[in-house]
Amino acid sequence: MAVLQWTVSSVPEKNLDYLHQELIKLRKQYKTKQLLVCLPEGFACFDATPSDLMAFAHASEPFIASVRALAKEYNVWINAGTIPIGEADKYHAASLLINSNGEVVARYNKIHLFDVDVDDSKQNYRESNSTIAGKDLVVVDTPFGKIGMTVCYDMRFPGLFGALSAQGADIILVPSAFTVPTGKAHWLPLLQARAIENQVFIVAAATTGTHDRGRETYGHSVVISPWGEIEAMLATQPDNIVYLPNMDKLTEVRQRMPLLSHNQFNYEFKHEQ
Ligand SMILES: O=C(O)CNC(=O)[C@H](CS)NC(=O)CCC(=O)C(=O)O
């Protein structure tokens, strides 16, 4: 699998170009039959004005078609981090899983919305002003293993990850656009905890740097093993991780310490905002 981190632009075509160039480079170096390319949350269009984002969300079909075409052309699976997909007067933060034939095999709509006051240049995040929360859990069978889908702020809610692992997830994707202060304090411990308690690989592709209207994101894209080890992590520069997960390790961790069968607690999904 490959994890792409860059300073995502507010201009969708620029992000598409970036993805295209990275796929060319990756495929030159890695000719493996299967390759899963993970993109960050908001990778289509980031830090645009609310009205530009809304307009894009209600006309994101051609953009999605272009990403699907790239998946097919370069024979890769793509986790299209999130793409805003319009619904009524808002949109879903949709994370798509696209196979190497360019077909969308899964769509997860971000469940937990980031309505939070942060001590940074933007301060008041109110994702629910524009975004409709998802209501469905997604675990999908792939050549890479069973993939559970989450997005960014979801990582703070262990119940979601517990439900995904109870449904058999081996790898949980967490495309993200984390703030810098919360990233410094919480990014790694949260992701490591989710990996350890669910005995899954965590793969988190993140945006990084200062974006077009001044918003800053934390970077530090990371892959974590089912034992909680940081297998690979980026700093704040645009860069990629390429990583081959060892599924035997996952089996061994679960055999030695069968958390799922020991667990005495269940969370309920409230379906509320
Ligand atoms: O807005 C977009 O275009 C893409 N989406 C995001 O950037 C989202 C919502 S504002 N960011 C987060 O969820 C950060 C979570 C976070 O930083 C934390 O949990 O501490």
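**Before selecting anything**

The model is predicted: local features need pLDDT of at least 70, side-chain atom pairs count only at pLDDT 80 or more, and totals for chains, interfaces and linings use all residues. Residue numbers start from 1 along each chain as its sequence is written.

**The whole chain**

Display the protein chain as a cartoon; it contains seven helices and 16 strands. Helices (H or I, at least four residues) and strands (E, at least two) are DSSP runs, numbered from the N terminus. The radius of gyration, taken over C-alpha atoms, is 17 Å, close to the 19 Å that the globule rule (2.2 Å times the number of residues to the power 0.38) gives for 273 residues, so the chain is as compact as a globular protein of that length. Along the principal axes, the C-alpha atoms fill a box of roughly 50 × 45 × 35 Å.

Colouring by burial shows that 43% of the 273 residues are buried. A residue is buried if 20 or more other C-beta atoms lie within 10 Å of its own, with C-beta atoms placed from the backbone. Among contacts between residues at least 6 apart in sequence, 69% join residues at least 24 apart; a contact requires C-beta atoms, placed from the backbone, within 7 Å.

**The sheet that begins with E5**

Select next the open sheet of six strands in the order E5-E4-E3-E2-E1-E16, whose pairing is mixed. Two strands pair if DSSP finds at least two bridges between them. Strand E5 (104-109) and strand E16 (239-242) are the edge strands, each pairing on one side only. Neighbouring strands here are turned by 30° against each other on average, direction ignored; the axes are lines fitted to C-alpha atoms, for helices over the stretch in contact, and angles run from 0 to 180 degrees between N-to-C directions.

Centre the view on strand E4 (residues 90-98), where eight of nine residues are buried. E4 pairs with E3 in the antiparallel sense over eight bridges, and Gly86 has Tyr91 in E4 as its bridge partner. In the hairpin of E3 and E4, two residues lie between the strands, and Ala88 takes a positive phi near 50°.

On to E5: five bridges join it to E4, and the two run antiparallel. Show Leu97 with its bridge partner Ala106, then Leu96, which stands opposite Arg107. The hairpin of E4 and E5 has five residues between the strands, and Gly102 in the turn has a positive phi of about 85°.

The next selection is another open, mixed sheet of six strands, in the order E8-E9-E10-E11-E14-E15. Strand E8 (139-142) and strand E15 (230-233) each have a single partner strand, so one side of each is left without a neighbour in the sheet. The twist averages 20° from one strand to the next.

Within this sheet, pick strand E11 (residues 201-204) and strand E14 (residues 222-224), which run antiparallel and are joined by three bridges. Ile202 stands opposite Ile224 in E14.

**The ligand**

Finally, select the 13 residues around the ligand; Gly42, Phe114, Tyr153, Ala177 and Thr182 come nearest. A residue belongs here if its C-beta atom, placed from the backbone, lies within 6 Å of the molecule. The shell has seven nonpolar, three polar and three charged residues, where Ala, Val, Leu, Ile, Met, Phe, Trp, Tyr, Cys and Pro count as nonpolar, Asp, Glu, Lys and Arg as charged, and the others, Gly among them, as polar.

Terms used. Buried ≥ 20, exposed ≤ 12 C-beta atoms within 10 Å, placed from the backbone. Contact = placed C-beta atoms within 7 Å.
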